[in-house]
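This report describes selected local features of one protein model and its ligand.

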Amino acid sequence: MKRIQFKQWLLLLCIFIAGKLNAQNPIIQTIYTADPAPMVYNDTVYLYTGHDEDKSTWFTMKDWRCYTTTDMVNWTDHGSPLSLKNFSWAKKDAWAGQCIYRKGKFYWYVPMNHQTMGMSIGVAISTSPYGPFEDALGKPLLHSGNGDIDPTVFIDDNGQAYLYWGNPYLKYVKLNEDMISYSGDIITVPLNAEGFSKRIKDADKRPSEYEEGPWLYKRKGQYYLAYPAGGVPEHLAYSTGPTPTGPWKYRDTIMPVIKKGGAFTNHPGIIDYKGRSYLFYHNGALPGGGGFTRSVCVEEFTYNADGSIPRIAATSGILNSHQNLNPFKRVEAETIAWQEGIETAGDNESGIYATAIDNNDYIKVRSVDFGKGAKNFEANLAALTDGGTIEIHLDSLEGSLVGSLHVKATGSLINWQLQTCQVKNIKGKHDVFFVFHGTESNLFNFNSWQFGKK
Ligand code: FUB
């Protein structure tokens with residue numbers, strides 16, 4: 001992501017200006033992400049995504065990613081807990097999946113191209129939402145045709161789990177309680193006009209507006225099936241039903257085709273979190289972004305009184321944090337509301353950290369509550385040479401400079417050391433900008449930070 005073409009600078013400038021105006025979308029800027037699958041577990045939003053490779057000219061995807069938030073504006077990068085390498089039978093195409101919790105375990109359903117059979121759906125299992133995940137079966141959970149992509153999983157109140165998937169068809173099975181096998185036939189859902197609206201574009205090719213990427217959930221006794229619709233460029237639409245297997249009734253468009261900065265695909269992920277409702281989707285708005293280099297975004301919305309979903313516009317993102325961030329506890333450097341120039345990397349010993357830090361790159365963290373005051377700053381850093389600086393600015397890139405940490409060499413880029421500086425007495429709630437300066441490239445790696453009161 002780091003190196004961009006000169007002609008993309010104009011777009012970068014727009015994003016930069018938008019960034020200054022508090023843009024939050026796309027919510028991940030370090031890599032291209034696609035096909036969001038949010039999961040609420042223990043008061044945290046876990047966002048599982050696909051990962052478009054840089055400069056991709058097809059859906060070239062090799063791994064899946066995980067991010068978390070508790071405030072909907074600062075997102076922590078947890079790296080890649082699952083990749084094609086975890087499936088001995090996989091050939092390529094780590095496309096859209098979804099993860100769900102059941103009885104102490106996490107089940108992540110993902111499609112990929114089988115070495116001989118074509119697109120198939122696998123299931124990976126872990127005892128932690130962060131992984132590591134491993135192939136539960138050593139073979140696909142199912143293969144019914146080459147349109148076996150984009151699984152969505154849902155567990156009803158009575159414990160029955162359902163897996164829906166497919167493009168151009170829409171199919172489902174009832175999963176067994178073990179979540180890694182199913183009972184009964186694979187059912188093909190009739191894609192009729194009543195359930196999914198009559199196809200307008202390419203009506204000879206498909207019977208209904210349904211395209212791919214289903215997202216199944218239940219709210220207030222009603223079952224919702226959201227999906228990309230209408231052919232490319234896709235919009236998001238939904239149907240509802242009285243049971244998890246329908247009959248489905250087409251309701252409406254959720255998000256129209258994104259005209260500016262959209263990708264030709266889209267993909268819904270809908271959750272309720274701390275009393276508010278959110279639609280996750282993807283666009284192509286980052287520098288270098290497009291149909292095969294997509295980025296995950298999120299919008300807050302309110303259901304209509306009758307339970308219908310309103311039209312949701314793609315905006316610059318969520319401005320109000322759910323809760324303040326406590327700067328007096330260790331915060332991972334890869335907890336980011338917005339950034340420019342940074343990448344993330346990781347290994348078993350260091351965890352995930354911010355890297356590829358060059359002059360003028362920065363990380364913004366929102367709604368940091370310093371309470372009655374912070375007097376010093378401590379960062380866990382690794383540097384090959386002296387000379388890099390972390391400037392701490394409040395509320396904007398040019399906002400008041402409250403401290404500068406002059407980074408010292410630590411011996412290697414994974415040899416971590418706590419380094420500190422004094423800061424002016426910072427009180428109350430602020431957005432914090434860590435702005436990096438230095439003459440070298442790869443100035444240092446940045447693992448975590450914390451403020452102190454003395
Ligand atoms: O990300 C690869 C494919 O593009 C997904 O499986 C589809 O839903 C579309 O988003």
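## Backbone geometry in the loops

Pro247 is placed in the loop that runs between strand S17 (235-241) and strand S18 (249-255). The model is a predicted one, and in it the peptide bond between Gly246 and Pro247 is cis, with omega at about 0°. A cis bond also leads from Asn167 to Pro168, where omega is near 10°. Pro168 belongs to the loop between strand S12 (161-165) and strand S13 (171-175).

Lys274, which is not a glycine, has a phi of about 45°. This residue sits in the loop between S19 and strand S20 (276-283). Lys274 counts as partly exposed because its relative accessibility is 36%, a value between the limits of 20% and 50%. Asn360, likewise a residue other than glycine, has phi near 75° and lies in the loop between strand S26 (351-355) and strand S27 (362-369). With a relative accessible area of 48%, Asn360 is partly exposed.

Ser83 is part of strand S5 (residues 82-83). Its relative accessible area is 15%, so Ser83 is classed as buried, the limit being under 20%. The side chain of Ser83 reaches the backbone nitrogen of Lys85 at a distance of 3.0 Å.

## The ligand site

| Side chain | Ligand atom | Distance |
|---|---|---|
| Asp35 | oxygen | 2.5 Å |
| Asp150 | oxygen | 2.4 Å |
| Arg294 | oxygen | 2.8 Å |

On its own the ligand has 280 Å² of accessible area, and the protein covers 99% of this.

## The second largest pocket

The volume of the second largest pocket is about 490 Å³. Its lining consists of 20 residues, and those closest to the centre are Phe154, Leu216, Tyr217, Ile270 and Ile271. By class, the lining comprises 16 nonpolar residues, 1 polar residue and 3 charged residues.

Strand S1 (32-41), strand S7 (98-102), strand S11 (152-155), strand S15 (215-219) and strand S19 (269-273) each provide at least two residues. Which strand gives the most to the lining? That strand is S15, with 5 residues.

## Cavities

Across the whole structure, the search finds 2 cavities of 30 Å³ or more. The largest cavity contains about 80 Å³ of space.

Residues from several parts of the sequence line the largest cavity: Ile27, Ile28, Gln29, Thr30, Tyr67, Trp75, Asp77, Glu334, Ile336, Gln339 and Thr344. This lining divides into 5 nonpolar, 4 polar and 2 charged residues.

How values were computed: Residues are numbered from 1 along each chain as its sequence is written. This is a predicted model: local features need pLDDT of at least 70, side-chain atom pairs count only at pLDDT 80 or more; totals for chains, interfaces and linings use all residues. Side-chain values use heavy atoms; hydrogens and water are left out. On a 1 Å grid over the protein atoms alone, a cavity is a set of points where a 1.4 Å probe fits but cannot get out, and a pocket is an open set with protein on both sides within 12 Å along at least five of seven lines; lining residues have an atom within 4 Å of a point. Grid points are joined across faces, edges and corners, and a volume is the space filled by probe spheres set on the points. Helices (H or I, at least four residues) and strands (E, at least two) are DSSP runs, numbered from the N terminus. Ala, Val, Leu, Ile, Met, Phe, Trp, Tyr, Cys and Pro count as nonpolar, Asp, Glu, Lys and Arg as charged, and the others, Gly among them, as polar. A polar contact is a pair of N or O atoms within 3.5 Å; within protein, one must be able to donate a hydrogen and the other to accept it, and residues adjacent in sequence count only if both atoms are side-chain atoms. Accessible areas come from the Shrake-Rupley method with a 1.4 Å probe; for residues, only the protein chains shown count as cover. Buried means under 20% relative accessible area, exposed over 50%, partly exposed in between (1.4 Å probe, protein chains only).
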